[in-house]
Amino acid sequence: MLFDTHVHLNADQFNDDLEDVIERAKERNVEKMVVVGFDEPTINRAMELIGKYDFMYASVGWHPVDAIDMKDEHLTWIEELAAHPKVVAIGEMGLDYHWDKSPKDIQKEVFRRQIRLARKVNLPIIIHNRDATEDVITILKEESVEEVGGIMHCFTGSIEVAKQCMDMNMYISFGGPVTFKNAKKPKEVAAEIPLDKLLIETDCPYLTPHPYRGKRNEPAYVSYVAEQIAELKGISYDELAKHTTENALKLFRIND
């Protein structure tokens, strides 16, 4: 069994063939997944999906690129949704210094407020970090993230940064980029992450793994991520699947 910890099946790219996508995932033994909402439309759609499919769970939060659009009532709404039994995390949240839609100071404030909310409702967080590692680490430390823990989503940083995150009760999650032929650093880091701190994901429809790079990503392809990391760690595919699934179930407190 595989657990895809980060999907965007709430994206428009899946409007026309969602059932086929789900069927292909099941054929590859992807039996659970977390649908991530990061603004008003995607959160609404995530909640619809978890109501329809028993194997889907949701994370609800506000993306740093759109931090400038978040209002107080959005945070209140996210807090209300957090009471739903199938909402298992807050996010994705974090910092993104690649795009300049939202000023850095606003991103930081929205990030901090969401970590505080996660601590209030006692749910783990899902971190988006792009070109902002130093500030992300600083904020995680200052906001006592270790109280709830969470996921460094689609991790591409160094082993030193990974260790800092793991020390704060964070899991390290890898997606499609770890399969890219020129991805030397992600492969080296994935090989070193302890099995009890490792997760896998697709971030579909984005970051499609080899050999489908350039096409739309989907949950079935998390199996390629699992195969690559198992090979890097010198363990069997089944062992990698077992550990990453157990980690996800533990983090999200899913017992069924």
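Modeller: Start with R24, which is partly exposed at 33% relative accessibility. On that scale, buried is under 20% relative accessible area, exposed is over 50%, and partly exposed lies in between (1.4 Å probe, protein chains only). This is a predicted model: local features need pLDDT of at least 70, side-chain atom pairs count only at pLDDT 80 or more, and totals for chains, interfaces and linings use all residues. Residues are numbered from 1 along each chain as its sequence is written, and side-chain values use heavy atoms, with hydrogens and water left out.

Side chains of opposite charge can pair when their charged atoms come close. The cut-off for a salt bridge is a side-chain nitrogen of Lys or Arg within 4 Å of a carboxyl oxygen of Asp or Glu. The structure has 18 of them.

R24 pairs with E218, with 2.7 Å between the closest N and O atoms. R24 is in helix α1 and E218 is in the loop between β8 and α8, so the bridge ties together parts 194 residues apart in sequence. Helices (H or I, at least four residues) and strands (E, at least two) are DSSP runs, numbered from the N terminus. E218 is buried, at 3%.

D17 bridges to R216, and here the closest N and O atoms are 2.9 Å apart. D17 sits in the loop between β1 (2-7) and α1 (18-27), and R216 in the loop between β8 (198-200) and α8 (222-233), so this pair ties together parts 199 residues apart in sequence. R216 is partly exposed, at 26%.

Another bridge joins E142 and R112, at 2.6 Å, N to O. E142 belongs to helix α5 (residues 133-142) and R112 to helix α4 (residues 104-121), so parts 30 residues apart in sequence are tied together. R112 is buried, at 18%.

Now the cysteines. There are 0 disulfides, meaning pairs of cysteine sulfur atoms within 2.5 Å. The sulfur of C154 has its closest cysteine sulfur in C204, 11 Å away, so it is too far for a bond. C165 is in no disulfide either; its nearest cysteine sulfur, that of C154, is 14 Å away. C165 is buried, at 0%.

Last, the core. A nonpolar core is a set of buried Ala, Val, Leu, Ile, Met, Phe, Trp, Tyr and Cys residues joined through side-chain atoms within 4.5 Å. The largest has 75 residues, and L9, M56, I125, L140 and F174 touch the most other members. Apart from it lies another core of 14 residues, including F3 and Y57.
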